[in-house]
Structure formats: C-alpha cells, structure tokens
Amino acid sequence: MTVTVLTSGFCFIQAGGPSAPAELLYRYGGMYTTAIARHEYWRLLAYGFLHVNFVHLTMNMLCLVLWGGHLERRVGPAYFLIIYLCAMVFGAVIGNGIHSTPYLTAGASGATSGILGALLCLWILGKLDVGFDFFAINIGLNIAFAFGNSRIDWGVHLGGFAAGLIACALLDLIEKANIHVLRCKFPEAVKVNLTLLACVTALWAWSGQAQAIAGGAGWGAALVVVAACCAVVKMVDLILSMKKGLAIVVTVLAGANAAAVMLSGGALASTCSPRWPTGSVPLDNLLVIFCPNPVLISVLAAIGAASVTLWLCSKEISRGIEDVGFVGTSLRAERGRRRGL
C-alpha cells in the first residue's frame with residue numbers, strides 16, 4: 001500500500017492535480033496495447049502501482065484494506081505477496097489478450113481482485129471462516145461499481161480474480177507436497193526474504209533471456225533458475241534443522257540481499273553515459289544522482305540492505321543465537337502439523 005500510494009502520489013504531484021494524464025501514466029509504466037509485443041515486461045508490474053486519479057487510488061486501497069488483512073492473516077506475508085503479484089501480472093496478460101482496440105490501463109484492480117479470488121479459494125477449501133454473504137456483497141458491489149464506470153478494464157479484473165484463485169490453490173498443493181520434501185516450516189521472515197530474492201533472480205534472468213524466451217528458446221535457462229531456487233530452498237531447510245541454524249540463515253540472507261543490491265547497482269552503472277541524463281524519462285533523475293559515484297552508492301546501498309535485514313529479523317537472530325537445539329525441532333514439528341495453507 002505504501003509503495004502504491006507513494007508512486008501514484010508522485011504522479012499526481014507531477015501532474016499538478018488529483019489525477020494523472022495518459023502521457024504520464026504511459027511514461028511511468030501504464031500497460032498498453034503493444035507492451036508485450038515490444039517485450040516491455042516490466043509494465044506487467046509497474047501498471048499496478050499507478051492510478052488515474054485520487055478516487056481510483058482510494059477505491060483500490062480500500063479494497064486492499066478490507067480483503068488483504070483476511071488473506072495475509074491466513075496465508076502469511078510471503079504467500080500474500082506471491083498471490084498479489086501473480087494477480088497483477090496475469091490480470092494484465094488476460095486484459096491485453098481481451099482488448100481488440102488500443103488501450104492504456106493502470107491501477108491495482110487486478111491485484112485486489114486476485115485477493116478476493118484467493119479468499120474464495122480458501123473458502124471453497126474450508127480454510128476461511130466467513131459466510132457466503134461476504135463474497136456476495138463484495139463481488140456484487142464491485143460489479144455494480146464497474147457497471148457505473150465505463151472505463152473499468154474488465155479483462156484485468158477477471159484475469160486477476162482467476163489468477164488469485166488459481167495461485168492460492170497451487171500454493172495449497174505446494175504446501176501439502178512440502179510435507180514430504182521439506183523438514184522445517186520456514187519462519188515468515190525467512191520465507192518473505194527468499195520470495196523477494198527469487199523475484200530479483202527471475203527479473204535478472206528474464207532481462208537477459210527475454211528476447212530468446214519470447215522467440216520460443218531460452219527455456220533451458222529458465223529451468224536452471226527454477227532448479228537453483230529449489231536447491232537453495234532445500235539447503236535453507238537443512239540449515240534450519242541444525243542447532244543455531246536460524247541465526248545462520250538470517251545472516252546469509254542479509255549477505256545475499258547486500259549482494260543483490262550490489263549487482264543491481266553494477267547493472268545500473270552500465271547504463272550511465274559520459275553525458276548525464278537531463279530528466280526526460282523516469283530513470284533519469286535517479287541516474288543523475290547515481291552516475292557520479294556508482295561504486296560508492298552501491299556499497300552504501302548494500303550495507304543499508306544488510307543492516308535493514310538484520311534489524312527486521314532481530315527476533316529471529318536472537319532466537320537462533322540462543323538456540324540449544326530446540327528451534328529446529330519446533331520448526332520440524334510445525335511442518336508436520338500443517339496440511340496445506
């Protein structure tokens with residue numbers, strides 16, 4: 001919510017009013033007709049953090065408040081993040097496939113619809129203690145609001161809803177399978193950090209293989225990335241089962257976060273030119289600050305990432321340092337007790 005409000009608010013400030021013009025939305029990542037054909041895959045995520053006006057932003061954030069809390073309490077922050085981003089991406093893909101005329105769309109509607117779809121999935125599975133009237137009222141109000149606004153992108157809404165429902169069902173199956181594959185139930189802090197690192201890794205691999213994958217090749221590289229992620233998860237699982245393993249895992253994750261920031265800084269440094277940008281596109285303002293001292297700023301950012309990780313995971317580190325062998329046992333017991341989400 002914070003990222004969405006800040007991003008949309010930045011656009012409103014630049015526009016000088018409570019709404020953002022189409023040109024500004026396009027520049028900052030709005031989804032449009034030929035975005036996928038032009039391999040501008042970053043728009044599949046960027047559009048979800050932009051909004052047309054203040055009312056549009058308020059409605060979507062209200063839905064995030066009303067529905068997001070129910071879902072996050074039930075599946076945890078990491079799986080909530082996965083469901084939210086999947087609904088955002090596939091909502092854009094479905095919406096793009098449905099549109100037969102030129103369009104420009106922005107907003108978190110697909111992602112918030114995905115939250116409602118995931119809640120419906122949990123209700124069908126018998127893992128959510130709400131009545132059917134919860135869905136009847138919320139879905140009914142959204143349909144009524146959509147009919148009252150001709151600019152609603154139905155493809156994004158329906159695609160996000162379906163993606164959230166399917167993603168939640170798949171995560172439930174994965175959790176059931178994990179009983180036979182993993183020893184320990186991962187703490188949420190570890191799970192969230194691994195999810196974010198997996199997203200960064202996927203973006204890095206995608207950026208290098210985008211053209212090949214789009215042409216039907218490069219799937220071998222994608223499989224290698226997936227296999228590497230699975231191997232990392234299993235390694236973390238084995239370390240967590242050891243004495244003081246939780247402290248080791250958090251420390252390694254802090255280092256991995258720092259390394260990811262350093263590599264991102266190196267990639268950004270390669271875009272710098274002898275003549276610094278003048279602010280004509282969104283990345284330019286950042287490059288003007290970054291280009292003079294890319295190494296120094298990358299190092300400082302990496303130290304900051306590691307420090308923030310250690311601060312946010314201070315409870316896990318303390319628990320891991322004081323461990324005399326019970327943490328791994330308790331995490332294994334949690335894995336044995338849980339069946340699905």
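Predicted model: local features only at pLDDT ≥ 70, side-chain atom pairs only at ≥ 80, totals over all residues.
The buried residues of helix H15 are Val 327, Gly 328, Leu 331 and Arg 335. Here, buried means under 20% relative accessible area, exposed means over 50%, and partly exposed lies in between (1.4 Å probe, protein chains only).

Residues are numbered from 1 along each chain as its sequence is written, and side-chain values use heavy atoms, with hydrogens and water left out.

## The protein as a whole

Stepping back, the protein has 15 helices and 2 strands. Helices (H or I, at least four residues) and strands (E, at least two) are DSSP runs, numbered from the N terminus. Of the 341 residues in the protein, 40% are buried.

Among contacts with a separation of 6 or more, 75% are between residues 24 or more positions apart; a contact means heavy atoms within 4.5 Å. The protein exposes about 17900 Å², and carbon and sulfur atoms supply 72% of that area. Accessible areas come from the Shrake-Rupley method with a 1.4 Å probe, and for residues only the protein chains shown count as cover.

## A nonpolar patch on the surface

Met 262, Val 295, Leu 296, Val 299, Leu 300 and Ile 303 form a nonpolar patch on the surface, and together they have about 550 Å² of accessible area. Patches are made of residues with over 30% relative accessible area and no salt bridge, with nonpolar side chains (Val, Leu, Ile, Met, Phe, Trp, Tyr) joined within 5 Å and like charges within 9 Å. A salt bridge is a side-chain nitrogen of Lys or Arg within 4 Å of a carboxyl oxygen of Asp or Glu.

Helix H13 (residues 294-312) gives the most to this patch, with 5 residues. Leu 300 is found in H13, and its relative accessibility of 52% makes it count as exposed.

Helix H6 covers residues 109-124, and Ser 109 is found in it. Ser 109 counts as buried, at 10% relative accessibility. Leaving aside residues up to four places away in sequence, Ser 109 touches His 56, Asn 60 and His 157.

Trp 123 is also found in H6, but Trp 123 is partly exposed, with a relative accessible area of 29%. Beyond four places away in sequence, Trp 123 touches Leu 128, Val 130, Gly 131, Phe 132 and Phe 135. Trp 123 and Phe 135 are 12 residues apart in sequence and 9.7 Å apart in space, C-alpha to C-alpha.

## Positive phi in two loops

His 39 is not a glycine, yet it has a positive phi of about 60 degrees. You will find His 39 in the loop between strand S1 (31-32) and helix H3 (43-46), where it is partly exposed at 26% relative accessibility.

Lys 244, although not a glycine, has a positive phi of about 65 degrees. It lies in the loop between helix H10 (219-240) and helix H11 (245-269), and Lys 244 is partly exposed, with a relative accessible area of 34%.
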